[in-house]
Amino acid sequence: MKKYRELRAESGSFLDSLYQRQAILQDGSVEQSNLPAKLVLDYAVAHYHVWIGTSSITLLIGQHCPPLTAFLRQRGCRDALYITACNPGSQILPAAKNQLANQRLQEQLAQYSRYIYPGESIDLSGAWPAEAGFLALGLELTTAKRTAHEFGQNAIVWATTDAIPKLVLLR
């Protein structure tokens with residue numbers, strides 16, 4: 001079993017690689033993220049599953065997603081946002097509160113997009129509970145970030161026509 005220092009060094013290299021490839025972006029209003037590296041790593045390695053009708057796609061930070069490319073083309077959209085309203089500020093809330101917040105989020109997203117699909121972010125280590133969320137197509141990044149701030153989120157997942165999901169840090 002690897003020692004903690006070795007794991008931390010490897011995760012640091014992994015995060016550095018994502019930053020270098022611009023798969024992790026800072027919100028322009030944040031000079032440097034104050035989120036702990038471990039939390040950023042948790043977000044970066046999560047699997048973001050989205051259900052579209054009877055099929056599903058999985059968004060992975062920094063990895064091209066061919067089904068997303070096709071999906072964006074089919075819908076005539078240039079942008080895709082994956083967002084949740086669960087556990088604002090990474091503070092675990094009761095399921096009922098998360099569900100209510102996600103209902104409000106879905107209503108708000110419907111003001112900006114005709115294409116909203118349910119999803120779930122999964123932490124494969126099991127340290128974080130699965131969080132319900134949404135993939136919304138056609139939202140500009142400015143609107144996406146504003147919405148995330150309104151719901152107290154630390155980060156969002158964002159993709160354009162390149163279909164490479166990026167982690168956008170908001171704090």
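**Group meeting: a cavity and its surroundings**

Hi everyone, let me start with helix α3, residues 66-75, where L68, T69, F71 and L72 are the buried residues. Buried here means under 20% relative accessible area, exposed means over 50%, and partly exposed is in between, with a 1.4 Å probe and protein chains only. Helices are DSSP runs of H or I of at least four residues, strands are runs of E of at least two, and both are numbered from the N terminus.

A word on what you are looking at: this is a predicted model, in which local features need pLDDT of at least 70 and side-chain atom pairs count only at pLDDT 80 or more, while totals for chains, interfaces and linings use all residues. Residues are numbered from 1 along each chain as its sequence is written, and side-chain values use heavy atoms, with hydrogens and water left out.

Back to α3. Its buried residues pack against β2 (47-52), β3 (55-59), β4, β5, β6 (131-137) and β7, where a contact is heavy atoms within 4.5 Å. Just past the helix, G76 has a positive phi of about 65 degrees.

Now the overall picture. The protein has 5 helices and 8 strands, and from the N terminus the order is α-β-α-β-β-α-β-α-β-β-α-β-β. Of its 171 residues, 46% are buried. Among contacts with a separation of 6 or more, 64% are between residues 24 or more positions apart.

Let's go to the strands. β2 and β5 pair in the antiparallel sense over 4 bridges, and Y48 stands opposite S121 in β5. On its other pairing, β5 runs antiparallel to β6 over 6 bridges, with G119 bridged to G133 in β6. Pairing requires that DSSP finds at least two bridges between the two strands. β5 also has two faces: Y117, G119 and S121 are on the covered one, while I116, P118, E120 and I122 are on the uncovered one.

Staying with β2, have a look at H49, which is in that strand. Is H49 buried or partly exposed? At 22% relative accessibility, H49 counts as partly exposed. Leaving out residues up to four places away in sequence, H49 touches I57, T58, Y82, P118, G119, E120 and I122. With T58 there is a side-chain polar contact of 2.8 Å. By polar contact I mean a pair of N or O atoms within 3.5 Å; within protein, one must be able to donate a hydrogen and the other to accept it, and residues adjacent in sequence count only if both atoms are side-chain atoms. As for Y82, it is 33 residues from H49 along the chain, and their C-alpha atoms are separated by 9.5 Å.

Next, the cavity. The search works on a 1 Å grid over the protein atoms alone, and a cavity is a set of points where a 1.4 Å probe fits but cannot get out; lining residues have an atom within 4 Å of a point. Grid points are joined across faces, edges and corners, and the volume is the space filled by probe spheres set on the points. How many cavities of 30 Å³ or more does that give? The count is 1, and the largest cavity holds about 320 Å³. Its lining has 22 residues, and Y43, Y48, T84, S121 and E131 lie nearest the centre. At least two lining residues come from each of α2 (37-45), β4 (80-83), β5 (116-122) and β7 (155-159), and β7 gives the most, with 3 residues.

On to helix α4, residues 95-110, which contains N102. N102 is buried because its relative accessibility is 6%. Its side chain reaches the backbone oxygen of A132 at 2.9 Å. Setting aside residues up to four places away in sequence, N102 touches T84, A85, C86, A132, G133 and F134.

N87 counts as buried because its relative accessibility is 3%, and S90 is buried at 15%.

After α5 comes G152, with a positive phi near 70 degrees. Thanks, everyone!

Key. 1 Å grid on protein atoms, 1.4 Å probe; cavity = no way out; pocket = protein on both sides within 12 Å on 5 of 7 lines; lining within 4 Å.
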